[in-house]
Each structure stands twice: as structure tokens, then as C-alpha cells.
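Let's take a walk through a protein model together, looking at its charged pairs and then at its pockets. Please have your viewer ready.

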Amino acid sequence: LRHILNKHLDPAWPPPANRELFSLLCTFLAQMGHSEHYRERLSKWYDDWRAFIAADYAASVPAPHPVSPRTTAALIQALILGLEVQ
């Protein structure tokens, strides 16, 4: 989490290639209301990403976990997405 925050808060972030990707992602997100297929794909992608973050959290934070790995993953994902949109 520290690495991700440092990276996303760096004044040089995002690099030019990522700016184009983020612009494309925002365009894609704007079309979600028009296509069930887009909503399903994005939902699956976000769910897979949360599962990855949750597994990493579960493996790296000693048990007992103060918050469920899935809840923690959702919060981290929301933070990252918010920083990318900004």
C-alpha cells in the first residue's frame, strides 16, 4: 500500500502511456450505462483485482486480521481508482 501511494502521489505520475490508458478507461466507464456487456466485463475485472489484493493482504498481514481481506481490498481499490481519476 505504501508503494502504491508513493507512486500515485508522485508529481510525475502518471507517465504519458498511463495518461492515455486512464483517458481510455474513463471513456470506457462513461459507456457503462449503455452496455450490459461493459458492466459485466468491468465488474469481473474489478472483482478479480479485489481478489488479488485480498489474497496479498491475507498472506502479508498477520492473523487475526483486524478487517476482512475482502473489505480491505475494496478500500484499497477505491483509493487507487480515486487517485487515478484525479
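Does R70 count as buried, exposed or partly exposed, and at what relative accessibility? R70 counts as partly exposed, because its relative accessibility is 35%, where buried means under 20% relative accessible area, exposed over 50%, and partly exposed in between (1.4 Å probe, protein chains only). Before we go on, a word on the ground rules: this is a predicted model, in which local features need pLDDT of at least 70 and side-chain atom pairs count only at pLDDT 80 or more, while totals for chains, interfaces and linings use all residues. Residues are numbered from 1 along each chain as its sequence is written, and side-chain values use heavy atoms, with hydrogens and water left out.

Now let's see what R70 does. Its side chain meets that of D47 in a salt bridge (2.1 Å, N to O), a term that stands for a side-chain nitrogen of Lys or Arg within 4 Å of a carboxyl oxygen of Asp or Glu. This pair links distant parts of the chain, with D47 in helix α3 and R70 in helix α4, 23 residues apart. Helices here (H or I, at least four residues) are DSSP runs, numbered from the N terminus. Side chains of opposite charge can pair when their charged atoms come close.

D47 has another partner as well: its side chain and that of R50 meet in a salt bridge (3.6 Å, N to O). D47 and R50 are separated by about one helical turn, because they are 3 residues apart in helix α3. Together, D47, R50 and R70 are linked in a network of salt bridges. D47 counts as partly exposed, since its relative accessibility is 30%.

The structure holds 4 salt bridges, and one of them joins the side chains of E36 and R39 (2.6 Å, N to O). Both residues lie in helix α3, 3 residues apart, about one turn of the helix. E36 is partly exposed, with a relative accessible area of 44%, and R39 is partly exposed too, at 31%.

Rolling a probe the size of a water molecule over the atoms shows where empty space is left. On a 1 Å grid over the protein atoms alone, with a 1.4 Å probe, a pocket is an open set of points with protein on both sides within 12 Å along at least five of seven lines, and lining residues have an atom within 4 Å of a point. The largest pocket has a volume of about 350 Å³, a volume being the space filled by probe spheres set on the points, which are joined across faces, edges and corners. Of its 16 lining residues, L1, I4, I53, I76 and I80 are the closest to the centre. Helices α1 (2-9), α3 (36-60) and α4 (69-85) each give two or more residues to this lining, and α3 gives the most, with 6. The lining divides into 10 nonpolar, 3 polar and 3 charged residues.

The second largest pocket has a volume of about 180 Å³. Its lining includes F22, F28, W45, W49 and E84. Helix α2 supplies the largest share, 5 residues. By class, there are 8 nonpolar, no polar and 1 charged residues in this lining.

Technical notes. Nonpolar A, V, L, I, M, F, W, Y, C, P; charged D, E, K, R; others polar.
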